[in-house]
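Open the structure in your viewer and keep the selection tool at hand. The stops below are meant to be taken in order.

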Amino acid sequence: MSILGPVLIGLLYAALNSFIPSRHRRPFNALMVAGAGAAYLSGGAFGPLELAFTSVMTVVAFRGLSSWRWIGVGWLLHTAWDVAHHLRGEPLLPFAHDSSFGCAICDPVIALWCFAGGPSVADVARRWFRRDGAERIPEPR
């Protein structure tokens, strides 16, 4: 469950974003990645580097206001920061030893969704079950 749970959380995050209108979905996710950039700030495991990372993530989140790709990059940067904290033994949630490990599994799932353009569940379903015949095999003549 230490891998499946975080993957399911990432998928649930993407699915719940379906309830946010598409015009607001990207700005909302830019704010989320900015918040993720500050998640470790109070722990101070890496001293001044925590501030530097938060600054980088703020720039990435700002760029994410107009680009899903930057939001995806932000989640991948956060994944690297999760791994660093996990290896150092300074988890995201002090009361949950593997919280940084779980976050490092969850964040790339969210990043992949962002690189896909942050589609809603309905958008994904339309792509998979396209009814316009574009992906049908032509019948023999």
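How many aromatic pairs does the structure hold? There are five of them, where rings of Phe, Tyr and Trp (its six-membered ring) pair if their centres lie within 6.5 Å, planes under 30 degrees apart counting as stacked, over 60 as edge-to-face and the rest as tilted. Before selecting anything, note that this is a predicted model, in which local features need pLDDT of at least 70 and side-chain atom pairs count only at pLDDT 80 or more, while totals for chains, interfaces and linings use all residues. Residues are numbered from 1 along each chain as its sequence is written, and side-chain values use heavy atoms, with hydrogens and water left out.

**Stop 1: Tyr-13 and Trp-113**

Select Tyr-13 and Trp-113. Their ring centres are 6.1 Å apart and the planes stand at 90°, so this pair is edge-to-face. The pair joins distant parts of the chain: Tyr-13 belongs to helix α1 (residues 4–16) and Trp-113 to helix α5 (residues 99–115), 100 residues apart. Helices here are DSSP runs (H or I, at least four residues), numbered from the N terminus. Tyr-13 is buried, at a relative accessible area of 16%, and Trp-113 is buried at 9%; buried means under 20% relative accessible area, exposed over 50%, and partly exposed in between (1.4 Å probe, protein chains only).

**Stop 2: Phe-46 and Trp-81**

Where do the partners of the next pair sit in the chain? Phe-46 is in the loop between α2 (22–37) and α3, and Trp-81 is in helix α4 (residues 68–88), 35 residues apart. Their ring centres lie 5.3 Å apart with the planes at 45°, so the pair is tilted. Trp-81 is buried, with 15% relative accessible area. Select Arg-88 as well: Arg-88 lies over the face of Phe-46, 4.8 Å from the ring centre. A charge sits over a ring if NZ of Lys or CZ of Arg is within 6 Å of the ring centre and within 35 degrees of the ring normal.

**Stop 3: Thr-54**

Move to Thr-54 in helix α3 (residues 48–64). Is Thr-54 buried or exposed? Thr-54 is buried, at 16% relative accessible area. A polar atom of the Thr-54 side chain lies 2.9 Å from the backbone oxygen of Glu-50. Beyond neighbours within four places in sequence, Thr-54 is in contact (heavy atoms within 4.5 Å) with Gly-37, Ala-38 and Leu-41.

**Stop 4: the cysteines**

The structure holds zero disulfides, a disulfide being a pair of cysteine sulfur atoms within 2.5 Å. For Cys-103, the nearest cysteine sulfur is that of Cys-106, 6.2 Å away. For Cys-114, the nearest is again that of Cys-106, at 11 Å. Cys-103 is buried at 15% relative accessibility, and Cys-114 is buried at 1%.

**Stop 5: Asp-123 and Arg-126**

Which side chains meet in a salt bridge? Those of Asp-123 and Arg-126 do, at 2.7 Å, N to O. A salt bridge is a side-chain nitrogen of Lys or Arg within 4 Å of a carboxyl oxygen of Asp or Glu, and a search of the whole structure finds one. The two residues are three apart in helix α6 (residues 121–128), which means that about one helical turn separates them. Asp-123 is partly exposed at 24% relative accessibility, whereas Arg-126 is exposed at 55%.

Note on methods: A polar contact is a pair of N or O atoms within 3.5 Å; within protein, one must be able to donate a hydrogen and the other to accept it, and residues adjacent in sequence count only if both atoms are side-chain atoms.
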